[in-house]
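Open the model in your viewer and keep the selection tool at hand. We will go stop by stop.

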Amino acid sequence: YYCESYGIPVLTLTNVTGYAATMAEEKTIAAAAAKLTAAFASATVPKVNLITKKAYGTAYVTMNSKHLGADMVFALEGAEVGMMDAKSAAQIMYADEISAASDKAAVIEEKAAEYVKLQSDASQAAARGYVDVIISPESVRKQLVYAFEMLY
């Protein structure tokens, strides 16, 4: 709310794999996530998000995603955007096939690679409209400056 009060644009650097799943976190995470979500959703200042590595699940949505009204979302080359990490998804989606395999680790790796290609790759997120531009690390500063100049 401080940025909103003084008209300061918001830049969010996102690298999140999800919320901690512990008893202690369960007591406070819902209220904290709700406050952060409300702050991003109600802000009228320019909001830019840069996904640096991973952006998974509802933790990603809370971190100034397009779903909350981010004006621009950039992802670095090789970033992953999705519901969960590929290995966990593969273990859930292909549990029967993995349990029947003689080399379980190889099947998990194969299915995880397929999942990344089809679901978690930043280019897939861009195709779905969750990411505006995939950029190289060398161009981050230039792209962010252009974005804020455009949004101001």
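**Stop 1: the largest pocket**

Start with the largest pocket, which has a volume of about 210 Å³. A pocket here is found on a 1 Å grid over the protein atoms alone: it is an open set of points where a 1.4 Å probe fits, with protein on both sides within 12 Å along at least five of seven lines. A cavity differs in that the probe fits but cannot get out. Grid points are joined across faces, edges and corners, and the volume is the space filled by probe spheres set on the points.

Now select the lining: G57, Y60, V61, H67, V81, G82, M83, Y115, Q119, A125, R128 and Y130. Lining residues have an atom within 4 Å of a point. Colour them by class: 7 are nonpolar, 4 polar and 1 charged. Ala, Val, Leu, Ile, Met, Phe, Trp, Tyr, Cys and Pro count as nonpolar; Asp, Glu, Lys and Arg count as charged; the others, Gly among them, are polar.

Which element gives the largest share of the lining? Helix α3 does, with 3 residues. At least two residues each come from α3 (57-62), β4 (80-82) and α6.

**A word on the model**

This is a predicted model, in which local features need pLDDT of at least 70 and side-chain atom pairs count only at pLDDT 80 or more, while totals for chains, interfaces and linings use all residues. Residues are numbered from 1 along each chain as its sequence is written, and side-chain values use heavy atoms, with hydrogens and water left out.

**Stop 2: the whole protein**

Zoom out and switch to cartoon view. You have 8 helices and 5 strands. Helices (H or I, at least four residues) and strands (E, at least two) are DSSP runs, numbered from the N terminus. The C-alpha atoms fill a box of roughly 60 × 40 × 20 Å, taken along the principal axes. Of the 152 residues, 36% count as buried. Buried means under 20% relative accessible area, exposed over 50%, and partly exposed in between (1.4 Å probe, protein chains only).

**Stop 3: T12 and N64**

Select T12 in strand β1 (residues 10-16). T12 counts as buried because its relative accessibility is 5%. Is N64 buried or exposed? N64 is buried, with a relative accessible area of 0%. Its phi is near 60°, a positive value in a residue other than glycine.

Show the side chains of both. A polar contact of 3.1 Å joins T12 and N64. Such a contact is a pair of N or O atoms within 3.5 Å; within protein, one must be able to donate a hydrogen and the other to accept it, and residues adjacent in sequence count only if both atoms are side-chain atoms.

**Stop 4: T62**

Step to T62 in helix α3. T62 is buried too, at 7% relative accessibility. Beyond its neighbours within four places in sequence, T62 is in contact (heavy atoms within 4.5 Å) with Y19, A33, L36, T37, F40 and L68.

**Stop 5: helix α6**

Finish on α6 (104-120). Select its buried residues: V107, I108, K111, A112, Y115 and S120.
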